[in-house]
Amino acid sequence: MNLTLLLGVSGILLLFCVFANRLTDRYGIPALLIFLGLGMLSGSDGVGQIQFYDAKLANHIGTTALIFIIFTGGMETRWSDARKIIVRGSVLATAGVILTALFLYLCTHYILRLPHEIALLLSVIVSSTDAPAVFSALRSQKQELQTTLKPLLEFESGSNDPMAIVLSIGVTQLLSDSGFSGGELFFNFIFQMILGTFFGILAGKTAAYILSKFKLDYIGLYPVFGVGLAMVTYSLTQVAWGNGFLAVYLCGIILGNAGFRHRRHLIRFHDSLSWMMQIGMFLILGLLVNPSELGNVFGISFGCAVFLMFIARPLAVFICLHKSTYTTKEKIFISWAGLKGAVPIILATYPLISNFPNSQFLFNAIFVIVIISVLIQGQTLSFVAKKLNLYKKTEKTE
């Protein structure tokens, strides 16, 4: 496909996604499914017949998109709300991910009888709550949630991806390299989180100081500054063996809550950029999937998804929020809001890239789990909140 045709097809797909998003507002169809569906329709098994099998390229595109999505999520997080839940949110983002993976592994290995390696990889890859999916679901709701539910879920989903990424890459190394140990995996995690926190705070504070002291010549340069900041923060942190996603999220929180000229303009730009990144990421991931292969993994994926939604995630949430101020109804809602999205699909490309045995089966199974999660949890999130009476009551005016 030459450049002219590629640009035309890409533009048409983007425009389709823009107008298809109206289906989300009108019929409640999650945007993630629309974008993935268009990618699948355009792929080798669909009407578009676009041949795309490059897992490494898909991984790089997905990683780049996540940098800006998580950075935007950080900028749109209000620190006045987030600081109230930072301890519980951090517990959910770390221990919650480990517990979810552990419970799911017990199900996939001992009940569904998947081989140890596949069960372990699948469990850690789908253990985290997906930031783009949660941000999109929460911000599409017509009513506001009570107490600190929204900031808790946004903070957890924005900060637990690093845990899932470290676990997924670490477990892949553990299973592929006999010289790699569980102790190294634990040390790597602690080291990456500490450095990610340090670089994120440093980058955010430095950027906020620069923008508060110096006025850029043109308003259009503020978004350029934000794009460069996100890229440099991620890159420097990764080079230093820290976790770049955590650094980018913390940097976004600090910058989004700082006082400087044209802050709203910067946030609005990154909101638009985040949408572009989501569309591009889901389209590429959709292209990577062969729909004809998904029927072979549906039974396993459905069993995993049901166990994840009704047992693994709720158990992890109730343990992590034990003796907290959250009520049983709020814990149930937090459990149900553990949506899966693009992050597990991107993480599933790591075994593909390393030619891990049965990696295609694993990728397809995780893809179907994400679809089921979005269809069931994403579609019913508002319904569950309403039934649990968790929305703020609006005062009626005479």
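A residue is called buried when its relative accessible area is under 20%. In this predicted model, Gly89 has a relative accessibility of 0% and therefore counts as buried. Gly89 belongs to helix 6, which covers residues 86-110.

What does Gly89 touch, once its neighbours within four places in sequence are left aside? Its contacts are Leu152, Phe155 and Glu156. Ile371, by comparison, lies 282 residues from Gly89 in sequence, and the two C-alpha atoms are 26 Å apart in space.

Glu156 leads on to the next feature. Its side chain meets that of Arg313 in a salt bridge, with an N to O distance of 2.7 Å. This pair links distant parts of the chain: Glu156 sits in helix 9 (residues 149-159), Arg313 sits in helix 15, and 157 residues separate them. Are the two partners buried or exposed? Both Glu156 and Arg313 are buried. The count of salt bridges in the model comes to one.

Helix 15, which holds Arg313, spans residues 298-320 and also contains Leu315. The relative accessibility of Leu315 is 40%, so this residue counts as partly exposed; that class lies between the buried limit of 20% and the exposed limit of 50%. Leu315 is one of the residues in a nonpolar surface patch, together with Phe298, Phe302, Val306, Phe310, Ile311 and Ile319. The accessible area of these residues together is about 630 Å².

Conventions: Residues numbered from 1 in each chain as written. Predicted model: local features only at pLDDT ≥ 70, side-chain atom pairs only at ≥ 80, totals over all residues. Heavy atoms only, no water. Patch = residues over 30% accessible without salt bridge, like charges linked within 9 Å, V, L, I, M, F, W, Y side chains within 5 Å. Areas by Shrake-Rupley, 256 points an atom, 1.4 Å probe, with all protein chains shown as cover. Salt bridge = Lys/Arg side-chain N within 4 Å of Asp/Glu carboxyl O. Helix = DSSP H or I, 4+ residues; strand = E, 2+ residues; numbered from the N terminus. Buried < 20%, exposed > 50% of the residue type's maximum accessible area, 1.4 Å probe, protein only. Contact = heavy atoms within 4.5 Å.
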